[in-house]
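Please read them with the structure open.

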Amino acid sequence: MTDKRILFFLLAALLLVPTWAHAMSGREIFEKMHELRLRMLNQKTEATMVLYDRGGGKRVRTLTQYSKNAAPEAYKVLLIFNSPADLKNVGFLAHARTFSDRSLWAYFPEFKRIRRIPTSAQDDSFFGSDFSYDDFSGPPNLDDYAFKVLREETIDDKPCYVVEVTPKIPRKYSKYIAWVAKNLWVSAKVEFYREKELYRLGRFRDIRLVDGLPTPFILEMQNIKSKHRTVVTVDKITYRTSFPDDLFTQRALERGGR
Amino acid sequence: MKKLWMAAVVLIFWASGSYAEDFLSVSGKLHLRGVVPLHSESVTEYPSLLGQLKVDTKPSPLRFHMWLEGGWDGSVTLPVEDHSTLKFGDRVYQSTTPFLEFKELYGSYSTDWLEVRAGIQRFAWGRLDEYPVNDLLNPWDYSQFLRKPLEDRKIGVPSLSTRLSHDTWSLDAVWVPVFIPYRLPLSTERWSPFNQMVARFNNLPVNFLTSDADLPSRNLASGSGGLRLSKTGIVDWNINLFHGYDPRPVMKATQLIIAPVAGQVAVEPGTVADFHKMSSFGVDAAFVTGPWSLRAEAAYAIGRYFNTNLERWGYPAVPAFGVYPLAPNEHKSDSLEYGVGADYRVFEDCLLTMQAQQTVILDRPDSLYQQKFETIFWANLRNGFLNQRILTNLNAAYNPEHGGVMARANVWYVLSDFWKVGIAAVGFWGPDQSLFGRYKTNDQVEVDLVFSW
């Protein structure tokens, strides 16, 4: 009888394991992502950004991004365009004191002036691309969002949680749905909605482990209405960097980085 | 000395080609521009071709930066004294067809807390877009005034600058040991503010003679300097101090000479550029609130010179051959200038920028053309279409005291990463002496083709 009970509990436990996994809440999934993104913050990335027109025309930009985990504050990000000539040394600086309180600046060498960017512009086009300023910043404040697991799905051979994320603060999207790769804790796909209309679609492919951190090497964002899309290809990424605070200042922004 | 400079230019071109891959970053631009004047009586301009070469060493504590500009700027070739191709900032009136000029050429050394730069530099102090009142270290090139963006107008000055940084604080100190004058167009060039004087003699085949100014001696006493203390945070703010020559032009009236010379009427208008030292103390700040990005600045200038109303300079109502002594036409006063600017993103790729600024002449006599309060409102609407493949810009300015208006519109189409083409139109309205009205015969359409690499 005792053996039967043990067997029963073991069977029940085995049956419940996937149920527990599936029962992982949206918040917990995003906490895992947040944890990973914090570990990814100390990095330098060299990337190529290609803007594809509806008609097939393309424009190519190269950029360097530096970021650091700025604990006890949140993070700092500096991004500098290296080409084309028109955009060379145009830069973007983000200083997040907390994950919900950040200052953004842009530098335009043509005018030799740094301009502050209101946080309300964080969902606007990032220098003409289909990505937003927010896409190039650090992790968000999870308390500003509500999460709901919709289902599970497999994308690019990766089993994913499909999570609906609804902002509690004013954003230019009303919600987004993220396909979060299980055990990797990176998004494989994201759909942004305004009301019920899908307006931006992101795909993140070629996920490789770099220093043990799963990293998408191809990031694509498409504007559904204009059929314009932007593809960012990571050319080189280095984690575990330890850049000085001096790199994330307005002075460095004007100098074009290091 | 000039041969040495030319040799340096050749060496830089050679080095930029030979070693670009290893440690230099090189970029450049070719800009072809044609102007269609909309007033038949206005001065014409030839098509211009300007080139730009920027060379930077790869990031390291020791850096080198060069920004060389040159070409044919389209102003009508005139017999001016200075025909040297390489410009040194030693003349008020210069021939720029052709020309070569270092907009910037400096070396720098930096550590985590210190940066020292030496060479030809341009600075951008203050926050306003068109007339930053604390931006006094670089004189301006007025030869195509109001057509050129602010940064293109600035003339690089040989200088030594340092920046000390600590946390969110920084302190900039700039010393400009050599006096560099502002640059003016000749009275017969398209963008001369004294075109109305030409109009006074337009019934006669006149030959205008221009006298270059006696510049202040090039010694240490003629230098300028500035200090700027900065703090970044929720509000970015700065305190600025400047002492040196006023970079804004003021003209000294001497005597008008009208004489017959070789079948023509030679006219010496009797105005020479004048230079005066002044001091300025100012503050500026920038911050964001809601969807607005706001900035403001103010400066109190001690001992600034202003020109009196042109009607009081003593020009004869009916010009005839002779010598006419002109009346003193400068007035010294303290002034307070301040302004606010705001950026608002109307939608995704559409930015509205507004600015209001005011100058208060504290001791204003009736002889000045400027009112005690002079105000300018600016508005700019920049819009990008098709992910910035098409860029449009609408710009308007209004000076309520004199009813002067400037309106400008341009469209750029980005053909590729290398080529873009643009068309622009600009118009001016207002009384002859007002900031915008003095250019009212300069309404024009221009077409631009740019190749950058």
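1. The largest nonpolar core of this predicted model contains 52 residues. Those with the most contacts inside this core are Leu78(A), Leu79(A), Leu93(A), Trp105(A), Val180(A) and Leu253(A). Strand β3 of chain A, residues 75-83, supplies the largest share of the core, at 6 residues.

2. Leu78(A) shows how this core is connected. Apart from neighbours within four places in sequence, Leu78(A) is in contact with Tyr66(A), Gly91(A), Leu93(A), Leu247(A), Phe248(A), Ala252(A), Leu253(A) and Gly257(A). Two of these partners, Leu93(A) and Leu253(A), are also among the residues with the most contacts inside the core.

3. There is also a second, separate core, of 20 residues. Among its members are Val55(B), Met66(B), Trp125(B) and Leu137(B).

4. On chain A as a whole, the secondary structure consists of 3 helices and 13 strands. The C-alpha trace spans about 85 × 45 × 35 Å along its principal axes. Of the 258 residues in chain A, 36% count as buried. Where contacts in chain A join residues at least 6 apart in sequence, 45% of them link residues at least 24 apart.

5. Which residues of α2(A) are buried? They are Gly26(A), Ile29(A), Phe30(A), Met33(A) and Met40(A). Viewed down the axis of α2(A), the buried residues lie within an arc of 90°, so they line one face of the helix.

6. Met221(A) sits in strand β12 of chain A. Is Met221(A) buried or exposed? Met221(A) has 22 other C-beta atoms within 10 Å, and is therefore buried, the cut-off being 20 or more. Not counting residues up to four places away in sequence, Met221(A) touches Asp130(A), Phe131(A), Arg200(A), Gly202(A), Arg229(A) and Thr230(A). Met221(A) and Arg203(A) are 18 residues apart in sequence, while their C-alpha atoms are 6.5 Å apart in space.

7. The contact between the chains involves 31 residues of chain A and 30 residues of chain B. On the side of chain A that touches chain B, two or more residues each come from β2 (58-69), β6 (113-117) and α3 (250-255) of chain A. Of these, β6(A) gives the largest share, 4 residues. By class, this side of chain A has 9 nonpolar, 9 polar and 13 charged residues.

8. In chain B, strand β24 (residues 444-452) pairs with two strands named here. With β1(B), residues 24-37, the pairing is antiparallel over 9 bridges, and Val35(B) has Glu446(B) in β24(B) as its bridge partner. With β23(B), residues 419-429, the pairing is again antiparallel, over 8 bridges. There, the bridge partner of Gly422(B) in β24(B) is Asp448(B).

Definitions and conventions: Residues are numbered from 1 along each chain as its sequence is written. Chains are lettered from A and ligands numbered from 1 in the order in which they are written. This is a predicted model: local features need pLDDT of at least 70, side-chain atom pairs count only at pLDDT 80 or more; totals for chains, interfaces and linings use all residues. Two residues are in contact if their C-beta atoms, placed from the backbone, lie within 7 Å. Ala, Val, Leu, Ile, Met, Phe, Trp, Tyr, Cys and Pro count as nonpolar, Asp, Glu, Lys and Arg as charged, and the others, Gly among them, as polar. A residue is buried if 20 or more other C-beta atoms lie within 10 Å of its own, exposed if 12 or fewer, and partly exposed in between; C-beta atoms are placed from the backbone. The arc is that of the directions from the helix axis to the C-beta atoms. A nonpolar core is a set of buried Ala, Val, Leu, Ile, Met, Phe, Trp, Tyr and Cys residues joined through C-beta atoms within 7 Å. Two strands pair if DSSP finds at least two bridges between them.
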